[in-house]
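Subject: Structure for you to look at

Hi,

Here is the structure I promised to send over. Have a look at it first, and then read on for my notes.

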Amino acid sequence: MSITVTKPIRAVPGAFSGLGQRWRHVDKSSWVWLLAIALLLLLVINPLLRLLVVSFQDANGAFTFANYVSAYSRVRHLEALGNSLLLGVSAATLCVAFGVPMAWALSRTDMPCKGLVWVAILGTFIIPPYLGAVGWILLAGPNAGWLNRLFIALTGAGSGPFNIYSMTGLVMVVACYSFPYMFVFVKSALDMISSEMEEAANILGAGGLRTSLSITLPLVLPAILGAFILVFLEAIALFGSPALLALPGRFHVVTTQLWQFFEFPPRVGVAAAYAMPLLGITVLLFWLQRRITSRKGYVALTGKGGERRMIALGRWKWALLAYCMAVCTLSFFMPMVVICQAALAKAWGRGFSFDNLTLQNLYFTIFENELTRTATLHTFVYAGTASLVAIGLALCIAYIVNRQLVGNRVGNVLAFLTMAPFVIPGIVLAIGFYAAYTQPPLLLYGTSWILILAFVTRFLPIAYSNSNAAIRSIHPELEDAVRILGGTRFTAIRQVVMPLLKRSLAGAFILVFIPATRELSTAIFLYSINTQVLSVLLFDKSDEGNFEMLASIGLVLVFITVALVLIGFRLMGRDFMLRRSPT
Amino acid sequence: MTRPNFHPCAALLAILLAAGSAAAHADMPAWEKELYDAAKKEKEFTVYTAHYSTEEAANLCNAFEKKYPGVKCNFVRTTAQVAFQRLQQDMQSKQAVATIFSSTDVSHYPELKKRGALMQYQPHNLVNMVDSLKQYNDKDGYYDVTAAALMTICYNSSLVSEKDAPKNWTDLLDPKWKGKVSIGHPAFSGYVGTWVVLMQKLYGWSYFEKLEKNQPQIGRSVNDTVTMLNAKERWVAAGPEATTLLSRDKGNPLAVLYPTDGSLLMVSPSAILKNAPSPNAGKLYMEFMMSKDAAEVQVKSHALAVVKGVAPAPGAKPLEQIKVVRPTEEEIAKGIPEVKEKFRDTFGV
């Protein structure tokens with residue numbers, strides 16, 4: 001990759017007073033960094049601090065430890081915590097198995113049908129997890145699941161082998177809807193690595209497999225670890241799928257337990273206290289990540305040119321394609337069949353039959369129901385704005401931390417703060433937001449900004465992990481070159497860093513935009529009459545047992561989002577495979 | 001360009017409609033006219049409601065706006081606990097958003113009344129209310145029942161014939177339903193909580209110990225049972241009459257059966273908030289909820305009418321022909337926290 005710095009370097013004007021001299025030497029960019037840090041404090045510290053305060057308050061606002069006592073003195077509550085940890089670790093591990101080979105296949109190999117796989121992954125990511133979970137209940141319900149019935153019909157056995165109402169089932173469903181994080185993270189890391197290092201290994205006699213395992217894989221380790229943490233945190237903060245699958249499976253996780261604290265009389269303090277150790281776990285994970293990655297260098301993008309060549313897999317490409325399709329079948333194609341059946345059915349309980357087909361649900365959703373229409377518009381506008389703000393902020397913070405503009409310790413704190421919002425379950429975080437943004441000086445309640453800021457805060461961790469991995473892979477020597485030649489830091493960022501990051505940023509945008517379109521737990525407490533969003537409508541439909549409408553809205557959401565993402569990439573001058581556009 | 005054609009009939013219709021609404025306006029008793037005029041000055045009001053589905057809440061608001069043009073009815077429809085949490089947040093931040101609070105969790109009201117958050121109002125239309133429901137209104141006039149529904153035995157009619165279906169609550173304990181029963185969770189649903197209290201009152205806790213032997217599937221909300229029956233994952237359920245019938249109306253193979261030992265009556269009050277931004281519109285809304293106009297909207301989605309003389313939608317029995325039971329308010333308030341714990345001991349979740 002070759003970088004040309006085109007901007008002419010400014011000549012330094014001559015005579016200046018002493019103050020002017022000093023002013024000239026101050027790095028002007030520091031104002032931007034200070035602003036970014038201030039924004040971070042506002043968005044993250046403010047709600048989290050209020051949450052911490054609430055966890056030590058009784059109903060009258062007096063100081064107490066009672067919340068912690070009621071949160072942790074029951075074995076049941078601890079069991080739920082244990083279940084959540086098990087769920088998080090298992091789901092994240094399964095995501096590695098699902099996502100890493102697919103990312104490698106799409107980024108580095110000559111596997112066919114890449115477009116189809118990519119669209120299926122995108123679609124998977126868009127399906128709200130609880131809709132996917134309902135789809136899986138129909139597929140693998142122990143009594144009437146289609147897969148079980150198929151198994152019985154084929155083997156003549158008395159009962160089918162699949163039971164979605166189990167920890168295994170829950171792990172599978174959560175992994176299905178979280179592996180796109182892993183995929184996008186790893187793929188954007190792989191996209192940055194030039195083939196030179198792999199070729200060097202090849203020249204030294206290493207085979208394809210050995211090269212991939214000992215050269216390529218270690219280079220994307222930070223991305224894998226980042227996504228692992230993200231999926232782990234997402235899995236323990238999820239409410240929809242556990243509520244559908246864990247309760248019938250007769251076990252609790254943190255979020256189902258947490259929901260009970262909001263039953264009358266609501267115990268917000270206890271809920272806040274119960275969510276606190278999750279913050280501890282986040283700290284621990286970050287410490288581990290740093291331990292593992294700190295001693296090695298992962299810089300893949302330096303000033304020297306490099307070319308990426310696709311690895312020819314020969315016959316193995318079909319095996320790899322089969323694997324990718326198998327994962328997509330689990331996560332997208334099979335549940336999509338169920339969702340389409342329900343969306344197109346007059347009465348989905350009647351199953352497949354021609355007289356049961358109708359377009360009425362879709363027609364009603366798209367054309368007749370004004371609520372759905374405005375909610376759709378809001379959803380995309382808010383999610384889009386939130387993604388842009390989150391990525392801008394995350395980039396600034398990641399840059400500050402990685403280029404050590406503020407010192408190592410402050411950098412660590414900043415990194416932690418950026419990731420912290422993800423681990424606080426949305427329902428609890430919403431309480432913090434509410435407390436933070438309904439009092440002067442920030443009276444945002446009832447406006448769309450409270451939702452946008454909530455989405456920014458909630459998905460800042462995703463934007464950050466992505467930006468962080470991207471910036472880590474760029475060697476500072478590129479910017480140093482600009483600075484040595486007299487360019488400012490801004491010039492370096494604008495002319496060197498940003499062009500290199502474009503592709504990762506496109507990935508980051510998808511990763512923030514899509515979860516923001518389906519975000520429910522904060523939205524449900526923060527939306528108001530004029531700021532309805534689709535996720536809340538979807539939740540209402542599931543609460544009302546109206547599966548035909550639920551599926552229709554879900555289907556519309558999937559179609560519009562896929563279309564928007566594809567159009568977006570076209571407009572950005574790259575194809576939807578995120579391949580480099582010819583220059 | 002063609003000129004728009006006004007059909008003479010349309011014009012006539014418009015005149016008739018205008019005359020009709022003017023007549024309706026003229027028909028209003030003095031108190032109603034007074035409230036309406038005051039409400040018009042307030043322009044709009046907001047209802048926090050957990051009572052209905054989104055569509056029904058919208059239909060009720062539309063019916064209100066049709067009856068009282070010039071007063072805009074907004075609603076935030078969500079679950080009872082979310083509605084309560086939002087109201088609490090509003091109160092903490094001293095923001096008055098909602099005028100009406102309509103929860104399905106009856107324990108919210110005594111608490112709000114105690115805190116002085118509710119406005120006292122005796123609707124004139126209270127006389128229209130079904131007599132058996134009047135006992136659930138607040139005796140001091142702080143809240144009144146505006147919605148009622150039943151919890152019944154529901155089943156998938158493509159798997160279970162009417163003859164074989166359970167006839168009363170204890171039939172669900174029959175070993176022939178092993179692995180085929182669906183219920184909700186008392187910690188997630190006020191309906192289920194009240195139902196568990198009722199079963200304990202009628203048959204003692206051993207009812208649930210026996211039920212556990214039948215390995216029921218435990219969902220979250222009471223409406224989850226509808227999904228489970230439709231999916232054929234389960235055959236019979238302790239479920240909601242209205243949601244089940246609504247799903248059946250679309251053609252799903254579902255049916256409800258009124259247990260001989262009594263369907264559980266769920267009553268849901270509404271209250272005007274003391275700091276209501278539009279108090280007169282709030283009062284007018286309470287009057288409206290006890291009028292036939294509102295009841296006719298409600299019965300369309302299989303909710304029970306709270307006013308006399310409104311026939312239920314086809315497929316549902318009229319309230320006076322059904323044996324209904326309900327624990328006392330005290331039993332419910334005291335019982336729900338207690339049965340949540342016991343439920344967890346027995347079922348493990």
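Let's start inside chain B, where Val47(B) sits across from Phe75(B) of strand S2(B). This is a predicted model, by the way. The two strands involved there are S1 (residues 44-49) and S2 (residues 72-77) of chain B; they run parallel, with six bridges joining them. To get from S1(B) to S2(B), the chain passes through helix H3 (residues 54-67), making a right-handed β-α-β crossover.

Zooming out, chain B splits into two domains: domain 1 covers 12-148 + 267-315, while domain 2 covers 149-265 + 322-347. Taken over C-alpha atoms, the centres of these two domains of chain B are 29 Å apart. Where they touch, domain 1 of chain B puts in 13 residues and domain 2 puts in 12. On the domain 1 side of that contact, you'll find seven nonpolar residues, five polar and one charged.

Then there's the contact between the chains. Chain B brings 46 residues to it and chain A brings 37. Several elements of chain B supply at least two residues each to the side touching chain A, among them S2, helix H9 (224-230) and helix H13 (329-347). Which helix gives the most to that side? It's H4(B), with six residues. By type, the side of chain B that touches chain A has 26 polar residues, 12 nonpolar and eight charged.

Cheers

Conventions
Residues numbered from 1 in each chain as written. Chains lettered and ligands numbered in written order. Predicted model: local features only at pLDDT ≥ 70, side-chain atom pairs only at ≥ 80, totals over all residues. Domains from an automatic or database assignment. Contact = placed C-beta atoms within 7 Å. Nonpolar A, V, L, I, M, F, W, Y, C, P; charged D, E, K, R; others polar. Pairing = 2+ DSSP bridges. Helix = DSSP H or I, 4+ residues; strand = E, 2+ residues; numbered from the N terminus. Right-handed = clockwise from strand over helix to strand, strands pointing away.
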